[in-house]
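Please look over the sequence and the structure shown below before reading the report that follows them.

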Amino acid sequence: MEGDVNSRLERLEARIRRLEEAQFGTARAEPVVGAGRAEPAADSVPMRASAERAQQQLEFEVGQVWFSRIGITVLALGAAFAISLPYTGLSSWIPALAGMFFAGVVVAAAHLWRGRLGLLAGFVRGGGCILLYFSALRLFLFGQGESIPVDSPIGIAVLLSVPVAGMVLSLVYSSTWLAVIAMASGCFSAIMIPLPWLSMAILSVAAGAAAWLNAKKGWRGVLFFGIGLCFSAFFVIMLNRFVTGNPFQWNVEPRSASMIAGGLSFILAAGSLFRRVVVDGREAPITILTSLLNCGMGFIAFFATTEVAAETRSGVPYLIAAVFYLAVATAFWAR
């Protein structure tokens, strides 16, 4: 009788174990009888390892990434503040050259110690590039007087050399962070240089660089920020470059700015149109947002400049814009 009861209990436990396996996909490990303490369940070991990895990843993200970014930002702001101070009796060249020297040392140190610094090396290079461009601006701003005119050949060369150097460094180190910094400095140089056609040419080159980086290297974030930077600089130029101290007013110069706005939109759209082939047939959300941002900001720029600059009201510019955007939409659909 007792043996029959025991056999029934064993069959019942086996049935319960099979039900648990069917429901949870694995059987719970039995504790070892007679040991000083029960052994941990078999499925608790990978869970504990996963929790430890998540904790280590969080410590790495907060400690090395965010604290590093904050520290480098504070250092760059402190150095920029020191450079921007008006030193009585000193030419604008001296603080600017000192800042350029310090920025060069920072970039060189990040290159020499890139193995030890790890991710920190990229942040240090970015901070050095920002400080280098700020030092170049010191020649035109924050001083008792301008050392060189902004629209002179030397001034133009200085304002454009730093963005070009930053873009070269971004390609050398494959850094989207440096590419965005270079594009931002190039767009601000376009605002600083008071030559309308040259400013628009700089914005076109910046847009072309963003499109090329997205199409050839898949740097979608660079294209996204490039659209915002190029059209923001375009609007500032149309608003009489008010950030340089000019009166805040709408001033369409050159007069064909509406066509230039369409050209910028076309160049930036090409970056998404000729990007790498999508394997799984799905578009990334940032690609969709990039296309919407480009078309939205492009048409707002076209509309604003057309309405202000048009001496006679005509529907021809809007017909051209309609054909352009429909052609781009058709190309995206076919793509």
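This is a predicted model: local features need pLDDT of at least 70, side-chain atom pairs count only at pLDDT 80 or more; totals for chains, interfaces and linings use all residues.

Residues are numbered from 1 along each chain as its sequence is written, and side-chain values use heavy atoms, with hydrogens and water left out.

The protein holds twelve helices and zero strands, where helices (H or I, at least four residues) and strands (E, at least two) are DSSP runs, numbered from the N terminus. Of its 335 residues, 35% count as buried, that is, under 20% relative accessible area with a 1.4 Å probe, protein chains only.

In helix α6 (residues 153-173), the buried residues are G155, I156, V158, L159, V162, P163, G166, M167 and S170. Just after α6, S174 takes a positive phi of about 50°.

Helices α9 and α10 pack with their axes 11 Å apart, at an angle of about 175°; axes are lines fitted to C-alpha atoms, for helices over the stretch in contact, and angles run from 0 to 180 degrees between N-to-C directions. The two are therefore roughly antiparallel to each other, a label for angles over 145 degrees. The residues that meet (heavy atoms within 4.5 Å) are listed here.

| Helix | Span | Residues in the contact |
|---|---|---|
| α9 | residues 220-238 | L223, I227, F231, F234, M238 |
| α10 | residues 257-273 | A257, I260, A261, L264, S265, L268, G271, S272 |

Technical notes: Angles under 35 degrees count as roughly parallel, over 145 as roughly antiparallel, 65 to 115 as roughly perpendicular and the rest as oblique. Buried means under 20% relative accessible area, exposed over 50%, partly exposed in between (1.4 Å probe, protein chains only).
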